[in-house]
Amino acid sequence: MSNSPNRFRIVAVMACALALAVVATATEPKTPGAQPPDTPQASAQAAPRAVIVRDAQTGMLRLATAQELQSMAAEIDRLLARGPATPKQSRLADGSMSTVYTGNFDHGVLARRTADGTIEIGCFDEPGPAKAFLGLVPGSPAPAPVKGEGR
Amino acid sequence: MTRTTPRLVLAILVMALVAATAQGAATIVIINNDPAGVGFNDPTPAAPVGGNPGTTIGQQRLNVFNQAASIWGAALDSTVTINVQATWEALTCDASSAVLGSCGALAVDFDFANAPFTSTWYLIALANRLATTDLDPTGNDMRARFNVNLGSPTCLAGSGWYYGFDGNEGALIDFLAVLLHEMGHGLGFATTTSGTSGVWLSDPTAIPPIPPMPSAYDHFLLDGTTGLLWSDPTETNPQRVASAITGVGLTWTGANADAYGVANMDDAPQLVVSGDGAANGSYYVGTASFGPPLSSPGVTAMMEVANDGTAPNSDACTALTGFTAGRLCVVDRGTCTFVIKAANCQTAGAVGMIVVENAAGVPPPAGLGGTDPSITIPAVRVTLSDGTLIKANLPATGNLSTTATRLAGMNVSGRMLMYAPSPYQSGSSVSHWDTSASPNLLMEPAINADLNHTLDATLELFRDIGWFVPVPVELMFLEIE
């Protein structure tokens with residue numbers, strides 16, 4: 001017989017008091033000259049970017065082949081491509097069943113060297129902008145989610 | 001045998017409640033999923049660096065993960081352990097760019113116990129916290145994958161990871177800053193709604209199908225054009241898409257993050273135009289990384305379009321001809337760097353430079369990058385549409401200054417701006433603060449070099465989405481012999 005203290009637990013369920021944000025619906029006054037979004041067109045944030053690789057056999061820098069570009073793009077898709085949520089059931093400690101929904105909710109962080117040698121780092125949650133940032137979209141200018149490019 | 005007195009029981013009750021609602025802490029566990037000799041287990045010797053005491057590359061990597069977990073864990077509040085499965089992998093690289101890594105939640109849930117919003121997706125770590133139980137006991141909560149080859153000759157050579165904790169990364173990449181940012185997404189700074197389609201996340205394969213639902217984050221995203229939140233069922237998918245490219249038109253409505261912004265953000269930079277034309281007023285501007293910062297009352301002068309005599313004449317890429325000294329130099333973007341334009345304007349006697357963007361976009365415009373310590377005049381960028389309007393209404397006076405009536409990274413209504421550039425391709429929209437924020441914030445899309453490993457406005461956004469709301473606690477009464 002144990003001499004340890006008797007223990008008993010009481011689970012107290014307390015209601016949550018939630019303060020929900022009051023949503024103001026006033027719209028933003030526009031500054032003079034601030035226009036509605038322009039028709040989307042090619043970004044001129046930066047020129048199309050060449051993808052340079054160091055050849056594994058020769059050690060020399062060269063343009064990436066189409067196959068290499070395709071492989072890089074496929075990996076971006078693997079990391080960031082979204083899909084529907086998928087149910088996953090588990091039994092909880094109290095014996096009840098729980099369903100959560102799995103999926104790809106990753107954000108990817110990418111880096112590239114600029115013309116002046118500095119490194120730009122950007123974070124992306126969809127494959128398209130990420131691939132464009134790395135120059136993997138033929139003919140697409142490379143966007144720059146940065147404070148300001150050099151030119 | 002004795003029992004605790006009612007008074008003592010009451011004290012325990014009160015203490016338990018306080019601990020659950022105010023004290024706050026969470027345990028974040030890093031699960032090393034690397035095989036032997038790789039990643040976290042890399043035995044390559046390394047000298048301790050910047051406060052990181054690890055003596056192998058693998059130890060230092062794990063120490064940075066644990067440091068990030070410690071920072072987030074100390075700030076958050078959860079009784080449920082947050083498990084992060086982490087690996088180092090050979091991710092995409094080339095000589096001048098790389099995928100540094102990725103991180104995010106592994107699952108989401110809705111309508112669990114204590115969920116503040118019904119029919120709303122919550123990332124699993126927050127869902128667990130609110131439900132006060134692990135809703136996915138067989139799964140981890142977040143996944144983190146980072147590039148094991150960074151800095152090698154074939155992978156952004158010379159720009160590898162910096163594993164110190166002190167922010168002295170130099171030419172390397174501050175891994176702690178990157179990790180804090182990416183973990184921020186996995187913990188809640190993210191929408192599950194597509195910014196490119198506006199479609200809410202759903203599960204059409206479930207029986208019965210789970211309909212499209214907004215995320216907790218969407219309950220605080222305000223479309224300034226429609227006046228509707230992203231979580232509003234009357235906000236259409238096309239309206240969400242449109243709001244994601246409106247620049248200053250997508251804002252955060254959470255009271256805590258907005259209050260943080262009001263208390264901490266700098267006065268906003270602006271160009272004020274005054275004259276006889278239709279261009280009079282205050283404009284959003286992007287500031288320069290070179291030259292003096294804008295101030296109040298700032299620099300006021302007549303504006304004049306630059307002419308360098310070489311087509312295109314107004315890009316100021318060569319010495320200006322006939323420019324009137326003492327004026328603000330209006331130049332077009334393109335052909336050469338911003339510092340070259342500024343140097344040519346300065347040499348011609350300009351007292352400031354206004355760069356007109358050369359592609360369509362929405363305010364606030366990006367800044368001007370570059371370095372040149374010889375530049376002594378302030379410089380800004382305006383959008384193409386704003387610049388075109390201004391040029392069409394010269395002569396006019398311009399004032400480059402800061403204004404206390406609006407704060408950097410916020411709109412005039414005191415709401416934090418979310419990153420919503422046009423076109424959407426310009427970056428990772430919506431799930432970041434706008435890049436016009438000053439001082440720089442952890443959750444901007446660019447991970448800026450001056451971040452100091454603090455959680456700034458992000459923690460307040462987390463307060464808005466529910467990380468600190470009171471939840472039921474399990475109380476223990478002790479019977480003492």
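# Exercises on a two-chain predicted model

In chain B, α6(B) and α9(B) pack at an angle of about 155 degrees, with their axes 6 Å apart. The model is predicted: local features need pLDDT of at least 70, side-chain atom pairs count only at pLDDT 80 or more, and totals for chains, interfaces and linings use all residues. Residues are numbered from 1 along each chain as its sequence is written, while chains are lettered from A and ligands numbered from 1 in the order in which they are written.

**Exercise 1.** Describe how α6(B) and α9(B) pack.

Step 1. Helices (H or I, at least four residues) and strands (E, at least two) are DSSP runs, numbered from the N terminus. Axes are lines fitted to C-alpha atoms, for helices over the stretch in contact, and angles run from 0 to 180 degrees between N-to-C directions.

Step 2. The angle between α6(B) and α9(B) is about 155 degrees. This makes α6(B) roughly antiparallel to α9(B), a term for angles over 145 degrees.

Step 3. Two residues are in contact if their C-beta atoms, placed from the backbone, lie within 7 Å. On the α6(B) side the contact involves B:Ala255, B:Asn256, B:Ala257, B:Tyr260 and B:Gly261. They meet B:Ala457, B:Glu460, B:Leu461, B:Arg463 and B:Asp464 in α9(B).

Step 4. Sorted by class, the contact has five nonpolar, two polar and three charged residues. Here Ala, Val, Leu, Ile, Met, Phe, Trp, Tyr, Cys and Pro count as nonpolar, Asp, Glu, Lys and Arg as charged, and the others, Gly among them, as polar.

**Exercise 2.** State how many residues of helix α9 of chain B are buried, and what covers them.

Step 1. A residue is buried if 20 or more other C-beta atoms lie within 10 Å of its own, exposed if 12 or fewer, and partly exposed in between, with C-beta atoms placed from the backbone.

Step 2. Helix α9 spans residues 456-465, and eight of its ten residues are buried. Among them are B:Leu461, B:Phe462 and B:Ile465.

Step 3. The cover includes α3 (124-131), α4 (175-187), β12 (250-252) and α6 (255-264) of chain B.

Step 4. Just after the helix, B:Gly466 has a positive phi of about 120 degrees.

**Exercise 3.** Find the edge strands of the eight-stranded sheet in chain B.

Step 1. Two strands pair if DSSP finds at least two bridges between them. The order is β14-β13-β20-β16-β17-β18-β19-β15, in an open sheet with mixed pairing.

Step 2. β14 (281-284) and β15 (286-287) each have a single partner strand, so one side of each is left without a neighbour in the sheet.

Step 3. Further in, β16 (299-305) and β20 (396-407) run antiparallel and share four bridges. One pair of bridge partners is B:Thr300 and B:Asn399.

Step 4. Helix α7 (338-347) packs on this sheet and touches β17 (328-332), β18 (352-356) and β19 (379-382). The direction of α7 makes about 135 degrees with that of β18(B).

**Exercise 4.** Give the order of elements in chain A and describe the hairpin of β4(A) and β5(A).

Step 1. Chain A has two helices and six strands, in the order β-β-β-α-β-β-β-α from the N terminus.

Step 2. β4 (86-91) and β5 (97-113) pair in the antiparallel sense over six bridges. A:Pro87 has A:Tyr101 as its bridge partner.

Step 3. Five residues lie between the two strands of the hairpin, and A:Gly95 in the turn has a positive phi of about 95 degrees.

Technical notes:
Parallel < 35°, antiparallel > 145°, perpendicular 65-115°, else oblique.
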